[in-house]
Amino acid sequence: MLSGKQRAYLRSLAQKEDAILYVGKAGITEPVIAETRDALAAREPVIAETRDALAARELVKGRVQEASMLTAAEAQAALCQACQAEGVQVIGNVFVLYKKRDNGAKIILPKG
């Protein structure tokens, strides 16, 4: 569980990031869940493959398209449950997920 101070720190980091996950008209499908898991996976990136390059992230920003039947909060909750991640923030149609790596964490959270 993230504290308010940790959540604020992660929000400040996410502000600079671009959305890499998109939830469309079909909602939360297996490919969306698989892409989220890959983006939050705890392994080092391999330069040759784009999917593996995304695997180095601990913090992922996503966007819910206008045609989607889900809100950003619903999409975030579903992806958090499916990927064992924590929801950081929802603003409008944008959401942020965080999953701490077991080994080699790149984001050091403040105490609190």
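Select Val23 to start. In this predicted model, leaving aside neighbours within four places in sequence, Val23 is in contact with Ile28, Val32, Arg63, Val64, Gln65, Ser68, Leu70, Ala75 and Phe95.

Now zoom out to the whole chain. Four helices and four strands make up its secondary structure. Followed from the N terminus, the elements come in the order α-β-α-α-β-α-β-β. The chain has 112 residues, and 40% of them count as buried. Among contacts in the chain with a separation of 6 or more, 62% are between residues 24 or more positions apart.

Colour the chain by pLDDT. The average is 85, and 87% of the residues score at least 70. Then select residues 42-55, where the pLDDT is below 50. Beyond near neighbours in sequence, this stretch has 24 contacts in the model. Where pLDDT is low, the predicted coordinates should not be read in detail.

Go to helix H4, residues 72-83. Its twelve residues reach 16 Å from the first C-alpha to the last, close to the 16 Å expected at 1.5 Å a residue. Which residues of H4 are buried? Select Ala72, Ala75, Gln76, Leu79, Cys80, Ala82 and Cys83 to see them. Turn the view to look down the axis of H4: the buried residues fall within an arc of 165°, so they line one face of the helix. What do they pack against? Show strand E1 (21-23), helix H2 (30-40), strand E2 (59-64), strand E3 (86-91) and strand E4 (94-98), which are the elements that the buried residues of H4 pack against.

Step off the end of H4 to Gln84. Just after the helix, Gln84 takes a positive phi of about 55°.

Continue to E3 and E4. The two strands pair in the antiparallel sense over five bridges. Select Glu86 and Tyr98 together: Glu86 stands opposite Tyr98, which is in E4. Then find the turn of this hairpin, where two residues lie between the strands. Gly92 takes a positive phi near 60° in the hairpin.

Past E4, select Lys99, which is in the segment after that strand. Is Lys99 buried, partly exposed or exposed? Its relative accessible area is 29%, so Lys99 is partly exposed. Leaving aside neighbours within four places in sequence, Lys99 is in contact with Leu40, Glu58, Cys83, Gln84 and Ala85. For a distance to display, take the C-alpha atoms of Lys99 and Cys83: these residues are 16 apart along the chain, and the atoms are separated by 8.5 Å.

The last stop is Ala67, in the loop between E2 and H4. Ala67 is partly exposed, with a relative accessible area of 47%. Ala67 and Ala26 are 41 residues apart along the chain, and their C-alpha atoms are separated by 8.8 Å.

Key:
Residues numbered from 1 in each chain as written. Predicted model: local features only at pLDDT ≥ 70, side-chain atom pairs only at ≥ 80, totals over all residues. Heavy atoms only, no water. Expected span 1.5 Å × (residues − 1). Buried < 20%, exposed > 50% of the residue type's maximum accessible area, 1.4 Å probe, protein only. Arc of directions from axis to C-beta. Contact = heavy atoms within 4.5 Å. Pairing = 2+ DSSP bridges. pLDDT = per-residue confidence, 0-100.
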